[in-house]
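Visitor: Hi, I'd like to talk about charged side chains. Can you walk me through them?

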Amino acid sequence: MSSRQAHLGAGGSVHPQLGSGWPSGARRLLLLVSIAHLVSHVYILALPPLFPFLRDSLQVGFVELGLALTIFNVVSAVAQAPIGFLVDRIGAQRVLAAGLGLGGVALLSIGLGGTYAWLLLGAALAGLANAVFHPADYALLSAGIPSAQMGRAFSLHTFAGYLGTAIAPAVLIGLALLAGPGVALGAMGLVGILLVGFILPLRVPAVQDPSGAGSRSAAGAGQTGGSVFTSAIVSLTVFFTLLSLSSGAIQSFSVSALVSGYGVTLTQANAALTAFLMLSAFGVLVGGFLADRTRQHGDVAAIAFALTALLTLVVAVADLGALALILILGAAGFLSGVIAPSRDMMVRAAAPPGGAGRAFGIVSTGFNVGGAVGPPLFGWFLDHGAPRWVFGAAVVFMLLTVVVALRDRWLARKERAADLRGG
């Protein structure tokens with residue numbers, strides 16, 4: 001079977017069941033990796049909620065503080081693919097433990113340093129640590145979770161990240177109000193350092209999985225086979241970039257667009273965004289069950305995102321009341337969450353044996369590319385009095401995502417037919 005066939009699951013509609021039970025240690029593995037993912041999302045949002053405190057304590061402006069975030073994202077983008085190769089070379093468990101420890105030390109150093117120079121250095125270290133989580137997490141899950149439960153495992157892992165994003169501002173601001181920003185950052189840093197003690201002794205269960213994806217990328221080093229620079233991986237990187245562009249438009253700019261161009265209040269706009277984000281998290285859980293019941297992951301992603309684009313288009317062109325706006329964006333968020341486990345299953349299927357770390361490291365750079373390209377574009381729409389184009393551009397990127405998924409699905413069927421004729 002070709003890599004593109006593996007990418008989109010061309011050979012049948014029902015996912016092969018490898019046994020209904022979870023092997024010993026699989027649930028513990030999922031729990032600890034999901035907690036690590038939650039912590040990673042807290043680390044991503046550790047600095048922005050504290051900017052008002054840091055501006056006063058460091059005596060710098062928001063532009064200088066924003067530079068720390070730029071450094072974080074640039075370092076993370078550059079390091080993610082190389083770390084994916086490192087995961088497959090020395091083992092995901094060691095790399096994940098190192099990332100947790102480094103992220104913890106980074107926040108602890110910012111909290112203790114108390115200077116702007118330490119803030120920038122800590123942001124660089126935190127960006128390097130952030131590059132660890134996707135390749136290491138997915139390699140561990142691919143190695144220790146049976147394929148029959150993989151979709152649900154991916155969905156719970158993603159849900160944990162959403163939860164980390166949701167709780168980070170309240171936790172950081174609450175600690176800062178009680179004891180200051182330095183203590184808030186230091187406390188969060190210690191959480192990651194302590195978690196290392198649970199990750200290092202973790203035993204990754206051995207599962208009988210014919211796919212072999214990531215099976216040698218878990219606790220220790222292993223030999224890897226097959227090139228990761230395939231058409232499927234390139235296509236998935238484009239897919240991830242387009243997902244990042246469309247989701248970034250709504251998550252980061254929808255409130256500003258709604259307030260400036262739709263005549264809704266700030267409270268109503270925030271309620272609509274909250275509905276989108278909260279229902280996205282529940283959509284992820286539903287998507288996990290769907291991913292375990294089909295091999296047509298590209299089709300699931302295409303259908304769900306086409307419906308998301310349709311709902312977003314309604315927001316872009318119609319004059320909606322506050323309640324309708326909240327309901328429609330909530331439904332769009334739910335559907336956008338549904339595709340996440342299928343998206344991850346597509347990457348796992350496209351990875352060569354023992355190459356899950358490399359595969360997830362490469363395609364996840366699409367998130368960084370979208371995160372870098374999108375904000376200037378959406379900001380330009382707002383600055384030039386075209387707030388509805390924030391949603392309009394999101395629709396365009398969603399439809400392009402659907403086209404990529406359907407195009408690859410068509411090519412997979414074509415290649416499978418050619419293989420059958422050749423056989």
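**Salt bridges**

Guide: Start with a pair away from the surface: Asp-344 and Arg-343 are both buried. Keep in mind that this is a predicted model.

Visitor: What do the side chains of Asp-344 and Arg-343 form?

Guide: They meet in a salt bridge, at 2.9 Å from N to O.

Visitor: Why can side chains pair like that?

Guide: Opposite charges can pair when the charged atoms come close.

Visitor: How many salt bridges are there?

Guide: The count is 5.

Visitor: Okay, another one. Which residue does Arg-152 pair with?

Guide: Arg-152 forms a salt bridge with Asp-292. Their closest N and O atoms are 2.5 Å apart.

Visitor: Where do the two residues lie?

Guide: Arg-152 is in helix H7, residues 150-179. Asp-292 is in the loop between helix H10 (266-291) and helix H11 (297-317). So the pair ties together parts that are 140 residues apart in sequence.

Visitor: Is Asp-292 buried or exposed?

Guide: Asp-292 counts as buried, because its relative accessibility is 2% and the cut-off for buried is under 20%.

Visitor: And what about Arg-152?

Guide: Arg-152 is partly exposed, with a relative accessible area of 22%.

Visitor: New topic. What does Asp-56 pair with?

Guide: Asp-56 forms a salt bridge with Arg-55. The closest N and O atoms are 3.8 Å apart.

Visitor: How accessible are Asp-56 and Arg-55?

Guide: Asp-56 is partly exposed, at 49% relative accessibility. Arg-55 is partly exposed too, with a relative accessible area of 34%.

Note on methods: Residues numbered from 1 in each chain as written. Predicted model: local features only at pLDDT ≥ 70, side-chain atom pairs only at ≥ 80, totals over all residues. Heavy atoms only, no water. Salt bridge = Lys/Arg side-chain N within 4 Å of Asp/Glu carboxyl O. Buried < 20%, exposed > 50% of the residue type's maximum accessible area, 1.4 Å probe, protein only. Helix = DSSP H or I, 4+ residues; strand = E, 2+ residues; numbered from the N terminus.
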